[in-house]
Amino acid sequence: MAEKKKPHPNIFAHDLEKIVKELGKEALIENLKKMLLIRNFETRAEAAYLQGKVGGFFHAYTGQEAVQTAALAAMGNNQWWITSYRCHALALLLGATPVELMDELFGKVTGNAKGRGGSMHFFTENLLGGFGIVGGQIPIATGAAFAINYKKKFPNIANGDSKDVAICFFGDGAVVQGSFHESLNLASLWNLPCIYVIENNEWGMGTHVDRAVCVQPIAETKAPGYRMKAYSFDGMDFFNCYGGFKHVFEEVKKTSRPVLVEIYTERFKGHSISDPGLYRSKDDLAKCMERDPLVIMLKALSTHGILSEDEYKALDKEQKDIVLESLKHAEEAPWPDPIHLEEDVYAP
Amino acid sequence: MSSQQIDIREAIRQAIDEEMARDERVHILGEEVAEYNGAYKVTKGMLEKWGPDRVIDTPISELGFAGLAIGAAMCGLRPIVEFMSFNFSFVGCDQIISNAIKMFYMSGSRFSVPIVFRGPNGAAAQVSSQHSHCVEALYGNLPGLIVLAPANAYDAKGLLKTAIRNNNPVLFLENELSYGLKMEIPTEEYLIPIGKANIVREGKHITLVSHSRMVDLCTEAANELAGKGIEVEVIDLRSIRPLDLPTILDSVRKTHMCVLVEEGHVFSGICAEVGFEIQQHCFDFLDAPIERVCQRETPMPYSKVLEKETMPTKERIIAAIERVLR
């Protein structure tokens, strides 16, 4: 069992009252609904996996929902978004329907990537993926930020593209890949508006971050070496993430400088579905689950008189039903016809 | 039609320059492409003409800038990435393979990656093991990629222009030793389609298939054998993936004999692929086993004596032809 040495980051100071007022009741409930949708989607998809309906690798975002939900709320869909293989949540947040994603998990032709991508490779108009190699998406996001700057210099080719930033999510395990170093160097050198987000859930598969990264906290120690600013957020708290992302977003729009964010979060599941997580004690896991982002958000909303526990249960049921509907669709959706197997290897 | 005599270096430069004039999305990035005017002077004068937003010096960071360019291509730009040597592409290999080549298919046809990776491939003069590898067999294994290897200025210009307009990742393989080769080519714009081999020299006794710099060795060998009454048909593949099988197969059906020549290694090489296709499609037409002339199974040695020994030579090609004809 790895002994946990907690780093001491300077967690961003958010103003809860201001955020509650800024977002308002409707948007807050909308964000909670999205988190509930993600939680229900993955819970049901995992059950389908165990029944043999879903294959391959399956990496759940369970426990980390507040992070990307808050990022979307703060920066909006109209940016370039990039993430790792743990991509179910971001696709849902960016507008992929539960139906098209569940169909994809089932390997159906109606799926998000026509049954070619699977759990690790989801896409939307603004989601560049779903990348399967640890750290492989970091240069891609850097290129998206490069394209944003390029189109500003050559407006004739912008084609209505008005994005401000590229947001790249990756885990603590990706920080020690060369792609991280090369990307941050280029982004800083060329003033690229890229927000690099380390979702530090403490585990690179079964290897604790203490055994993988030589200096912690990660962002606050590494960013200065790239002449970048660093921020640390509490990933279990939607409001802290929202406040932090909003701040960073406004800053990057103004400076066109890359920023490194580290988010302290917890995944409640194993690395993937086939990982029983034997390297974590039950006590540790139970303790981190006390800080379930859904519970924290519910508490904040009920304290502010926005939502009661019963209303929360009704919302949860509503999202569960949406997911159950998508499962039914996936069961009945057609398989890809092998006659099309070799199509689209090359773009027209 | 007016013409100009230019070398391969200038042909490539013109192709890039014309495509940059035609399409603002096109830009070039790589090590020393701008202020230094290119390690092999292919991009000479381009910084001055197009400015630093479109002719971009990168640090020595192949993984970083290859991946960056792939991301930019996914977001609507059309980058040309220069590798100072294709041997350096290995540093950025994961980006090329996992992200560029697989993206269109894997994303359910959502994101195409219109990008050209170009630079010198294979051996130069005594640059030893780590600067001399021929990469086409390694990358040729990957569906989703186009691999082009022109042997002269005419093909280099026409193929590169087509490659830049293509919506897929393209590996465009040049050769350091060939940059100075001159040729009379049209001044007017022209394009060469991808996937078309070229019959460089017609002959009826034996087919010689090759690509890139080895085509010239094949032509020299054919010229020498012509003096002995042996008429060799020389085919320049130009495009390795996709492969122009009909041109190769038609030739073998005519000559009934075949020798395959490749600068890269013999094991799992391009010749292995071409040879397999020939035996499958022309089994009844072949009068002798196919021979291969490739780099021997050694890393590239430094000494010029050893370097010459491991590489295909005119003499080795002639010997192989004579063995097949015997």
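Predicted model: local features only at pLDDT ≥ 70, side-chain atom pairs only at ≥ 80, totals over all residues.
**View 1. The contact between chain B and chain A.** Chain B brings 47 residues to this contact, and chain A brings 45 residues. Between them the two chains bury about 3600 Å², of which 67% lies on carbon and sulfur atoms. On the side of chain B, the residues that lose the most area to chain A are B:L68, B:C75 and B:Y105, which together make up 20% of what that side buries.

**View 2. The salt bridge between B:D53 and A:K153.** The closest N and O atoms of this pair are 3.2 Å apart, and the count of salt bridges between chain B and chain A is one. Across the interface of these chains there are also 21 residue pairs in polar contact, counted where both residues have pLDDT 80 or more.

**View 3. The side of chain B that touches chain A.** The elements of chain B that give two or more residues to this side are β2 (26–30), β3 (55–57), α3 (62–74) and α4 (93–106), and α3(B) gives the most, with 10 residues. Sorted by class, this side of chain B has 21 nonpolar, 17 polar and nine charged residues.

**View 4. Helix α11 of chain A, residues 309–332.** This helix has 24 residues and reaches 35 Å from its first C-alpha to its last, close to the 34 Å expected at 1.5 Å a residue. Buried in α11(A) are A:Y312, A:L315, A:Q319, A:V323, A:S326, A:L327 and A:A330, and what covers the buried residues of α11(A) includes α1 (16–50), α4 (98–105) and α10 (293–303) of chain A.

Notes. Residues numbered from 1 in each chain as written. Chains lettered and ligands numbered in written order. Heavy atoms only, no water. Contact = heavy atoms within 4.5 Å. Buried area = accessible area lost by both parts, 1.4 Å probe. Salt bridge = Lys/Arg side-chain N within 4 Å of Asp/Glu carboxyl O. Polar contact = N/O pair within 3.5 Å; in protein donor to acceptor, adjacent residues only side chain to side chain. Helix = DSSP H or I, 4+ residues; strand = E, 2+ residues; numbered from the N terminus. Nonpolar A, V, L, I, M, F, W, Y, C, P; charged D, E, K, R; others polar. Expected span 1.5 Å × (residues − 1). Buried < 20%, exposed > 50% of the residue type's maximum accessible area, 1.4 Å probe, protein only.
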